[in-house]
Amino acid sequence: MSFAVRLLGITKRFGTVTALDRVDLEVEQGAIHALVGENGAGKTTLMRVLYGAIAADEGSMEVEGNTVRFGTSREAIEAGVGMVSQHYGIIPELTCLQNLILGAEGGLVLKNKVAEERAQSLAARMGFTFDWHAEASTLSPAGAQKLEILKLLWRNARIMILDEPTAMLSPADAAALFESLHRLANEGATIILVTHRLPEVLDHCSRVTVLRGGRRIDEKLVVDTNGNELATLIVGEAIVEPDRSQPFEPGTTLLQITGLVVKGDHGEQALKEVNLTLRSGEVLGIAGVDGSGQRELFEAIAGLVQTQHGSMQMLGSDCLSWDAAERIRNGLRLIPEDRHAQGVVEDWSLDENAALGLQRLAPFANKGRVDGKARFEMAEQIADRFKTKRGGLKLPMSSLSGGNQQRFVAARALCLNAKLILAFQPARGLDIKGTQQVYDGIREACRNGSAALVVSFDLDELLEQCDRVVAMNNGKLLEPRAQDSLDRDAIGRLMVGAQ
Amino acid sequence: MIWRLIALIVGACAILAGAVLVAHASPIESLQTLIHGSLGTPSAIAGTLKETTPLLICGLAVFIALRAGLFNIGVEGQLLAGACCCAIVATRFHGILGMVLGVLVGMLAGALWALPAGLIKAYRNGHEVITTIMLNNVAALFAAALVSGPIKDPKQADTATPYVDASSRLPWIYSNPPVQINFALVIGILLAVGMAIWLKKTVAGYELQAVGANRIAARFAGISPQKVTVVAMSISGALGGLAGAIQVLAYEGRFYDGFSPGYGFDALGVALLAGNSAYAVLPSSFLFGVLSKGGTALQIDGIPKGITTVVLGMLILIAAAIRYRKVSKDA
C-alpha cells in the first residue's frame with residue numbers, strides 16, 4: 001500500500017493557542033479521504049500546512065514518498081498538491097480559459113490555441129463541457145467548482161484538497177461532482193475532502209479522519225463506521241436530535257406576499273409573481289440552487305430593493321411603502337447571507353456591532369442617544385447566547401473566526417422582540433453543534449409567536465430544521481403539495497424546475 | 001517590531017537634515033528658528049494659534065466626511081464660498097446681527113457648495129474626489145470674478161470687499177497687541193469636542209460611521225447610505241464654510257482675491273494625521289499651525305518655506321505607517 005500523503009506529528013501554534021497538536025494524517029494513493037471535525041477543530045489549518053500556505057512548527061510531511069517542506073503554495077503545487085477553497089478563486093471578468101491558465105501560463109507569451117486544446121482534453125477526460133471563451137461570470141456555482149478542479153489538473157495536481165465543495169451545489173450537481181471525483185480517483189489521483197456533511201463521507205469516501213480541538217481523534221474505514229458514530233466522534237458527546245414532537249398550530253399570518261415581481265441587476269425578472277404566506281409559529285425553509293431568486297426575495301422582504309408589482313403585508317399592514325428601518329422597527333430581523341460584508345463592521349468592537357441594525361431601538365437608543373451601558377450588556381448577552389468565543393467585547397469583530405462572527409450575528413437577530421426573522425444560510429460555516437443551537441434559537445422564537453423564513457442551499461439542513469420547505473427556481477417560488485412539504489424528492493424536483 | 005518604526009523616524013529626520021543642508025543651513029539652527037518662530041514668544045504663540053484656527057475647523061470638516069467614508073478634497077472651495085458669502089452679508093449689517101448672519105450664511109454657502117458632490121456621489125456614484133476638486137476651481141475663479149467686480153469695494157484699489165463693521169467682528173478673548181487671541185479658537189475647540197461627543201453618543205453619529213466603515217452592512221442595518229452621504233457632505237461643507245466665515249469675521253475683516261493660502265488642502269493632512277478621533281484633530285491642527293508659523297520664520301532666515309511641507313509629508317507617512325502596521329497585525 002502506498003501513501004500519497006503522510007503527515008506525521010504536525011503541530012502548529014498561533015501565539016498561545018495550539019491549533020494542531022501532533023496530528024497524523026495518512027492518505028492512500030487513489031483514495032477519496034474525508035477529513036471531518038467541528039469549526040476550529042483544525043481541518044483548514046492542517047490543509048493549509050499541506051498545501052504550503054502556512055508552515056508547521058513541528059512534524060514531518062511526505063508527498064508520494066518524498067520528504068517535503070513547502071515554503072509557499074507554489075512549491076506545493078509543483079510537488080503535485082493543490083487545493084480548491086470554499087471561496088472560489090475565479091475572476092468573473094476573465095474568460096473561462098483565462099481563469100484556467102491564470103498563474104500557470106507556462107511562459108511569457110500566451111499560446112491560446114495550444115492552451116485551449118489542452119483545456120478541452122482535460123475537460124473531456126472529466127466529462128465536463130465548457131464554453132472556453134465565455135466570461136466566468138456566466139458560470140453556475142457548479143460550473144465554477146468544475147473549473148476550479150480543472151485548474152488543479154491544469155497544474156498537474158495529483159493530490160487535491162477540496163474544502164466543502166458541495167456547499168453551494170444542488171443535490172444533482174453534487175452527485176455529478178462526486179462522479180467526477182470518483183473518475184479522478186480511479187485514474188490515480190488522491191482526493192482529500194474536507195466536509196461537514198456526513199452523508200457525503202458515508203457515500204463517497206473510503207477512509208475518514210476525525211479532528212477535534214486540534215487533535216486527531218480517530219481514523220476509520222468508512223465501511224466500519226456509521227453516521228451516529230462519526231457525529232459522536234466529531235462533537236465528543238452524543239448528539240441530541242432536535243425535538244420536533246411538540247405539535248404546533250400556525251397562528252396569524254405575519255407575512256403575506258402576493259404576485260411579487262422584482263427586477264434583477266441586469267433588468268431581468270429576478271422574482272416572477274412570487275406568492276408566499278408565513279404564519280406565526282412557523283419556520284419556513286426556502287430551498288433552491290444559488291441564484292434562483294432567493295437573494296432578491298430576501299432583499300425585497302428586507303426593504304432593500306424596489307419592487308415592480310405585487311403586494312406585501314407584514315404583521316397585517318401593507319409594508320411596501322416602509323423603508324428598511326421602518327420594517328426593523330416593526331420587528332423584522334435579518335441574518336444576512338454574507339456576515340463579513342453585510343452583517344458586521346469588522347473594524348468595530350463586538351460592543352459596537354451589537355447595536356448594528358438595532359441602533360434605533362430601545363435599549364440601544366434612548367431619544368436618539370446611544371445608551372452605552374445598555375449596549376454593553378446586550379453585547380454580552382448576544383455573545384453568550386450561542387457561545388461566541390471571544391477575547392473581549394471591546395476587541396474588534398475581525399478578531400473573531402468566521403463561525404464565531406456568525407454566532408454573534410445570529411444571536412443579535414434574535415435578541416430583541418424579533419417578530420419576523422429573515423435568515424439567509426443562518427448556519428453558514430457553523431459546525432453541527434453551532435448549527436443546532438442557531439436553529440433551536442430560531443425555533444424557540446417562533447414557538448413564542450414569531451415566524452422565520454430561512455434560505456439555504458443545503459436541502460437536508462432545511463428538511464431537518466424547518467416545518468415546511470418550498471423551493472425556488474429561476475425566480476419562481478414553487479410549493480410542494482401539502483403532504484410533500486418535507487419530502488426530499490418532491491422538493492428536489494421543484495429545485496430544478498420540474499413539477 | 002518597534003525597530004522598524006525607529007528606523008522610519010530616524011530615516012525621516014536624516015532626509016530632513018539632508019534637505020536643510022542642501023539649502024546651506026544648519027539643521028540644528030533651523031530647528032531652533034522654527035520653534036522660536038512659532039512658540040518662542042507670546043506673539044509667536046498667538047500667531048501660531050491664529051494659523052491653527054482655520055486648520056482646526058477645516059480639519060474637522062475633512063474629518064467628519066472621512067468618518068462617513070468620503071474624501072472631501074473640496075474644503076478649500078467650501079471655505080472660499082463661505083468666506084465670500086459671509087463678507088457680502090456681514091458688510092451690509094451692523095453689530096451682532098452682521099456677525100450671526102455672516103456665520104449662518106457662510107455655513108449655508110459651504111454646505112450648498114458641497115451638496116452637488118454629495119448628491120452625485122449618493123445617487124450617481126460619481127466619485128467625490130473628482131467632483132470636489134472641480135468645485136474647488138469653480139469656487140476660486142467665481143469668487144475672484146465677484147471680488148473684482150460686483151462685490152468689490154469701489155473706494156479702494158485692492159480686489160477686495162469692503163471691511164466688515166468692527167461691531168460685527170468676532171471678539172478677542174485676550175488682547176494685548178501684538179498678542180491677541182480670538183474667540184474663533186474657542187469655537188474651533190468646542191466644535192472638536194462637540195463632534196467627538198456627537199459621533200460617540202448619538203444614533204445619528206453611529207449611523208454616519210457605520211456607513212463610513214461598511215456601506216453594505218449599514219444598508220442591511222436599515223441605514224440609507226445615500227441620505228447619510230448627502231448629510232455628511234453637507235455638514236462637512238458647512239464646516240468648511242464656517243471656517244471661511246470665521247476667517248473673515250475674526251482675522252481678515254473682508255474677503256479678497258487669494259483669500260486662502262490653502263487651508264482646505266492642509267486640512268486633509270490634519271485629518272489624516274488625527275486618525276479616527278475628533279479630539280486628535282486639536283493637536284494635529286496645532287502641529288500644522290506650528291509648522292506654518294515657524295515656516296515663515298525660516299523663510300526670513302533664507303531657508304525655503306517648503307521644507308515645512310516636507311516635514312508634514314514625513315509626519316503623515318509615519319502616521320500612516322503606524323496605523324497600517326496595526327491593521328495588518330490585526331488581519
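This is a predicted model: local features need pLDDT of at least 70, side-chain atom pairs count only at pLDDT 80 or more; totals for chains, interfaces and linings use all residues.

How many residue pairs are in polar contact between domain 1 of chain A and domain 2 of chain A? I get 1 residue pair, with both residues at pLDDT 80 or more. For polar contact I used a pair of N or O atoms within 3.5 Å; within protein, one must be able to donate a hydrogen and the other to accept it, and residues adjacent in sequence count only if both atoms are side-chain atoms.

Residues are numbered from 1 along each chain as its sequence is written, chains are lettered from A and ligands numbered from 1 in the order in which they are written, and side-chain values use heavy atoms, with hydrogens and water left out.

**Entry 1: the two domains of chain A**

I took the split as domain 1 (3-235) and domain 2 (253-495); the bounds come from an automatic or database domain assignment. Their C-alpha centres lie 31 Å apart. Domain 1 puts 13 residues into the contact and domain 2 puts in 14, with contact meaning heavy atoms within 4.5 Å.

The buried area between the domains is about 1,200 Å², and carbon and sulfur atoms give 58% of it. Buried area here is the accessible area (1.4 Å probe) that two parts lose on being put together, summed over both. On the domain 1 side, A:Asn39, A:Met168 and A:Pro171 supply 39% of the area buried against domain 2, more than any other three residues.

I also found 1 salt bridge across this interface, the rule being a side-chain nitrogen of Lys or Arg within 4 Å of a carboxyl oxygen of Asp or Glu. A:Arg197 and A:Asp458 form a salt bridge, with their closest N and O atoms 3.3 Å apart.

**Entry 2: chain A against chain B**

Here I count 27 residues of chain A in contact with 17 residues of chain B. The two chains bury about 1,900 Å² between them, 60% of it on carbon and sulfur atoms. A:Trp348, A:Gln359 and A:Val370 supply 28% of the area that chain A buries, more than any other three residues.

Polar contacts come to 11 residue pairs, both residues at pLDDT 80 or more. The largest share of the chain A side, 4 residues, comes from α11(A); helices (H or I, at least four residues) and strands (E, at least two) are DSSP runs, numbered from the N terminus. B:Arg219 pairs with A:Glu299 in a salt bridge, closest N to O 3.8 Å.

**Entry 3: a sheet in chain A**

I traced an open sheet of 4 strands in the order β12-β11-β14-β15, with antiparallel pairing; two strands pair if DSSP finds at least two bridges between them. β12 (269-279) and β15 (317-318) are the edge strands, each pairing on one side only. β11 (residues 253-263) and β14 (residues 309-314) pair over 5 bridges. For A:Thr258, the bridge partner in β14(A) is A:Ser311.

**Entry 4: salt bridges overall**

The rule gives 32 salt bridges over all chains. I checked A:Glu26 and A:Arg6, whose side chains meet at 2.9 Å, N to O. A:Glu26 lies in β2 (residues 17-28) of chain A and A:Arg6 in β1 (residues 3-14), so the pair ties together parts that are 20 residues apart in sequence.
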